[in-house]
Amino acid sequence: MKLEIELKTETVRTYALSRAIVALFAAHDLYDRAFVSSFDPRFLYYVRDEEPRIVTALALLERPPYGAVTEFLMRREGVADFLGVGIIEPERSLATGEFIERWQHRGRVLNVWTVNAERDKTFYRRRGLSITTDCPASGC
């Protein structure tokens with residue numbers, strides 16, 4: 001199990017939150033034990049720019065929470081490479097067979113959220129995916 005630190009957004013463009021995350025990882029040597037996820041691609045870029053050893057995850061929604069320009073850019077080929085993200089985190093509705101194959105072919109780890117049903121946990125694990133769940137033990 002790894003610790004996921006999810007940050008919704010960095011509303012004030014001082015990058016203070018990015019620097020705080022970098023300091024947190026350094027202070028507690030979290031590089032191999034945790035990763036940072038966000039729906040906000042700017043935040044992931046700031047973190048990786050400050051400390052490339054931090055693994056980042058781009059969380060994806062069917063209906064993204066950002067504006068039209070960011071949404072357009074996010075749908076372009078190569079954005080995950082530009083951001084330096086190692087993990088793609090789709091909400092469960094996006095994790096279709098085609099989606100999974102496309103990202104696995106690109107060498108990305110996939111972490112599907114939120115997967116609570118045992119049947120769904122088995123489905124994704126058999127395909128080599130990790131999951132985020134509210135129910136780490138069986139039954140929910």
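Modeller: Valine 112 has isoleucine 131 in S6 as its bridge partner. Element names follow DSSP runs, with helices (H or I) of at least four residues and strands (E) of at least two, numbered from the N terminus. This is a predicted model, in which local features need pLDDT of at least 70 and side-chain atom pairs count only at pLDDT 80 or more, while totals for chains, interfaces and linings use all residues. Residues are numbered from 1 along each chain as its sequence is written, and side-chain values use heavy atoms, leaving out hydrogens and water.

S5, H6 and S6 form a right-handed β-α-β unit. Right-handed here means that, with the strands pointing away from the viewer, the path from the first strand over the helix to the second runs clockwise. S4, H5 and S5 also make a right-handed β-α-β unit. S4 pairs with S5 in the parallel sense over 2 bridges, and isoleucine 88 stands opposite leucine 110 of S5.

Let's look at the helix in that unit. Phe99, Ile100 and Trp103 of H5 are buried, that is, under 20% relative accessible area with a 1.4 Å probe and protein chains only, where exposed is over 50% and partly exposed lies in between. These three cover an arc of only 95° around the axis, so they sit on the same side of H5; the arc is taken from the directions from the helix axis to the C-beta atoms. Glu98, Glu101 and His105 are exposed on the other side of H5. The cover over the buried residues of H5 includes S3, H4, S4, S5 and H6. After H5 comes glycine 107, with a positive phi near 80°.

Now for S2. It pairs with S1 through 4 bridges in parallel, with glutamate 4 partnered by phenylalanine 35 in S2. S2 also pairs with S3 in the parallel sense over 3 bridges, and serine 37 stands opposite alanine 57 in S3. In a regular strand, side chains alternate between the two faces of the sheet. In S2 both faces are covered, with Ala34, Val36 and Ser38 buried on one side and Phe35 and Ser37 on the other. S2, H2 and S3 make a right-handed β-α-β unit. In H2, Pro41, Phe43, Leu44, Tyr46 and Val47 are buried, and they pack against H1, S2, S3, H3 and H4.

What does the nonpolar core look like? The largest one has 32 residues, and Ile21, Phe25, Ile54, Leu58, Ile88 and Tyr124 have the most contacts inside it. Such a core is a set of buried Ala, Val, Leu, Ile, Met, Phe, Trp, Tyr and Cys residues joined through side-chain atoms within 4.5 Å. Elements that each supply at least two of its residues include S2, H2, S3, H5 and S5. Beyond its neighbours within four places in sequence, leucine 58 is in contact (heavy atoms within 4.5 Å) with Ser38, Leu44, Met74, Leu83, Val85, Ile87, Ile88 and Glu89.

Note on methods:
Pairing = 2+ DSSP bridges.
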